[in-house]
Amino acid sequence: MNLHEYQGKEILNSFGVEIQRGIVAQTPAEAVEAAKKLTEETGTGWHVIKAQVHAGGRGKGGGVKLAKNLQEVEKIANDIIGMNLVTPQTSAEGKKVHQVLVAEDVYYPGENEPEEYYMSVLLNRSTGKNMIMYSTEGGMDIEQVAEETPHLIFHEEVDPATGLMPFQARRIAFNLGLSGKAFKEMTKFVSALYKAYTESDSSLFEINPVLKTSDDKIIAVDAKVTLDDNALFRHKDYAAMRDKREENAVEVEAREAGLSYVDLDGNVGCMVNGAGLAMATMDLIKQAGGEPANFLDVGGTADAERVETAFKLILKDPNVKAILVNIFGGIVRCDRVAQGIVDAYKNMGTIQVPIIVRLQGTNADKAKELIDNSGLAVQSAIEFKEAADKVQQVLA
Ligand code: GDP
Ligand code: MN
């Protein structure tokens, strides 16, 4: 589950990570109030207005702007709220902005120039360790840095059993070229950031930029946080941060029905039980010359009701030209699934696209008989290859 910048910063701050402070606003009037309050609390005269959407690169798309007085706060908030923000990370239509973060300006002039760094914490799946990735080249596209100047990206592997060791935090501060107060602040920042990552059960914390202010404070200016869905049950307060407006509507509906659905770009709807079978089925569809339109796992209990919900979800996608049902009857009996499909089909009465059903496992023959004798426009197959050929035929 992804979070907004302001939510990510709240979590960071609760673990002692210094952040650029801000207040969320839904309207220009609220933005002005937020700016006044921030000035009282932080003494800041200037404010940055930042679109809150689940996409990076907001600055490039005009979703992050500096306001030098309250009139500008109101004007910029008015421009940004309600806009469709297009960034390098959104589709061409962009993302609708429902709210902005009014934040203190932290790039104020002083003794030194402010400097931007990059830092993220994530799991390195090949070593089974957490990894802190960081660079002196912050504020810009890290993918571009990785491509053009990979030697400027550093990695620090952290053993989850021991946690981050003090010498590691010092090495990071050293590699970033820091000294004096900034060095000490950076070691504190890194330790707090690592703690936030592990204790919130996140799979990603990306702070770009981490800022060294002109008076040598180290703060998080941006925050991209991905929480591990499997651990949300022990973080009810984080689970409540979900913003459904940012998510695919069908995916939200599927999750609420207990189905796992991922929207894809193709033309063949796919209903399966089990993630491994889903992968194999998507390969099968590609081999047959189609493109999967989705990934839908009905799980272990493929009864009529679930099958019907699954059909409804798949058919919400107007690009679907055929549906392939590929169920392995291990715990669930194939004839029960077949009956579920027949019932769902009859109940819905509106299915226009061809359906190919491949049931394999317990009572597969009985299931095929049920489908073949149902009189419905549903084709059955027992073998994988047979199912693929039938998909190919209906797409031709
Ligand atoms: P992103 O574009 O979605 O990654 O959003 P960021 O939160 O990283 O902000 C984009 C850019 O806005 C940063 O890289 C900074 O250059 C700029 N920015 C952010 N906060 C401030 C601020 O307080 N003052 C000024 N002058 N610029 C800021
Ligand atoms: Mn950023």
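This is a predicted model: local features need pLDDT of at least 70, side-chain atom pairs count only at pLDDT 80 or more; totals for chains, interfaces and linings use all residues.
A cavity is a set of points on a 1 Å grid over the protein atoms alone where a 1.4 Å probe fits but cannot get out; grid points are joined across faces, edges and corners, and a volume is the space filled by probe spheres set on the points. The structure holds 1 cavity of 30 Å³ or more. Its lining, defined as residues with an atom within 4 Å of a point, consists of Val-357, Arg-358, Leu-359, Ala-364, Ala-367, Lys-368, Ile-371, Ser-380, Ala-381 and Ile-382. At least two lining residues each come from β17, α12 (364-372) and β18, and α12 supplies the largest share, 4 residues. By class, 7 lining residues are nonpolar, 1 is polar and 2 are charged, where Ala, Val, Leu, Ile, Met, Phe, Trp, Tyr, Cys and Pro count as nonpolar, Asp, Glu, Lys and Arg as charged, and the others, Gly among them, as polar.

The second largest pocket (an open set with protein on both sides within 12 Å along at least five of seven lines) has a volume of about 310 Å³. Of its 18 lining residues, Arg-21, Glu-104, Val-106, Tyr-108 and Lys-217 lie nearest the centre. The lining comprises 6 nonpolar, 6 polar and 6 charged residues.

Helix α13 covers residues 384-395 and extends 17 Å from its first C-alpha to its last, close to the 16 Å expected (1.5 Å times one less than the number of residues). Within α13, Ala-387, Ala-388, Lys-390 and Val-391 are buried, that is, under 20% relative accessible area (1.4 Å probe, protein chains only), with exposed meaning over 50% and partly exposed in between. These residues cover an arc of only 160° around the axis, which puts them on the same side of α13; the arc is that of the directions from the helix axis to the C-beta atoms. Lys-385 and Gln-393, on the other side of α13, are exposed. The buried residues of α13 pack against β14 (268-272), α9 (275-287), β16 (322-329), β17 (355-361) and β18 (378-381).

Overall, the protein has 13 helices and 18 strands, taken as DSSP runs (H or I, at least four residues; E, at least two) numbered from the N terminus. Of its 396 residues, 49% are buried. Among contacts (heavy atoms within 4.5 Å) with a separation of 6 or more, 67% link residues 24 or more positions apart.

Residues are numbered from 1 along each chain as its sequence is written, and chains are lettered from A and ligands numbered from 1 in the order in which they are written. Local features need pLDDT of at least 70, side-chain atom pairs count only at pLDDT 80 or more, and totals for chains, interfaces and linings use all residues, while side-chain values use heavy atoms, with hydrogens and water left out.
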